[in-house]
Amino acid sequence: MITLAPCEKQFRTAFENYPLSAEHLSFTRHPLELLECCESTSTYSPIVILENSVVAGFFVLDIGEDKFHYTDIQESILLRGYSIHPAYQGQGIAKASLDLLVTYTMEHFPQVSQIVLGVNEANKVAQSVYLTSGFMDEGRRFTGRSGTQIAMCLQLSEIHLSRNT
């Protein structure tokens, strides 16, 4: 069973054995690096993806100003640093965790109306996962640390309405 939870200190050791390839690290930062950023950035909320209580992935939800690279909407939250542990890739965990993200965000960040993210235009696998999970490419592009980023958006109100009809 896949669940999302705030990343507490007891999960930190799991990220010491979280081998991301050079290719993966060209698209995202390692969870340990992001956890260090979380300690000094009050707008970051680190989230762990668990499969049967074992760490299978990680990401950060950020309510800070960086979201405005992706949207003009104040009531947005930025999904950043998303990764799945290599041992768990290809098992549907990414899709399942992104499906859970809607409910998690609505419960923990009720003021948020959309989730935004940037995905490298060279990262076709991630683009496919995000699009399959309901994110939309709204045509916004910008240069990130490793190339052109595609801004994607998931409208929570539309998801919530479609799930309740």
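Helices (H or I, at least four residues) and strands (E, at least two) are taken here as DSSP runs and numbered from the N terminus. The model is predicted, so that local features need pLDDT of at least 70 and side-chain atom pairs count only at pLDDT 80 or more, while totals for chains, interfaces and linings use all residues. Residues are numbered from 1 along each chain as its sequence is written, and side-chain values use heavy atoms, with hydrogens and water left out.

**View 1. The loop between β2 and β3, with N52 and S53.**
N52 has its place in the loop that runs between β2 (44-51) and β3 (54-62), and S53 lies in the loop between these two strands as well. Although N52 is not a glycine, its phi is positive, at about 50°; for S53, also a residue other than glycine, phi is positive and near 70°. In the terms used throughout, buried means under 20% relative accessible area, exposed means over 50%, and partly exposed is in between, with a 1.4 Å probe and protein chains only. N52 counts as exposed at 55% relative accessibility, and S53 is exposed with a relative accessible area of 63%.

**View 2. T28 between two helices.**
T28 is found in the loop that joins α1 (22-27) to α2 (31-40), where its relative accessibility of 10% makes it count as buried. Contact means heavy atoms within 4.5 Å; leaving aside residues up to four places away in sequence, T28 touches L20, G81, Y82, S83 and R145. With G81, the separation is 53 residues in sequence but 5.3 Å in space, taken from C-alpha to C-alpha.

**View 3. G118 in strand β5.**
G118 belongs to strand β5, which covers residues 114-120, and is partly exposed, with a relative accessible area of 27%. When residues up to four places away in sequence are not counted, G118 touches Y70, Q149 and I150. The C-alpha atoms of G118 and T148, which are 30 residues apart along the chain, are separated by 9.2 Å.

A disulfide is a covalent bond between the sulfur atoms of two cysteines. Here a disulfide is assigned to a pair of cysteine sulfur atoms within 2.5 Å, and by this rule the count comes to 0 disulfides. C7 is in no disulfide, and the nearest cysteine sulfur, which belongs to C38, is 7.9 Å away. C7 is buried, with a relative accessible area of 13%, and C153 counts as buried at 2% relative accessibility.

**View 4. The chain as the setting for the close-ups.**
The chain has 5 helices and 7 strands, which follow one another along the sequence in the pattern β-α-α-β-β-β-α-β-α-β-β-α. Its radius of gyration, taken over C-alpha atoms, is 15 Å, close to the 15 Å that the globule rule (2.2 Å times the number of residues to the power 0.38) gives for 165 residues, so the chain is as compact as a globular protein of that length. Along its principal axes the C-alpha trace spans about 40 × 35 × 35 Å, and buried residues make up 45% of the 165 residues. Among contacts between residues at least 6 apart in sequence, 62% join residues at least 24 apart.
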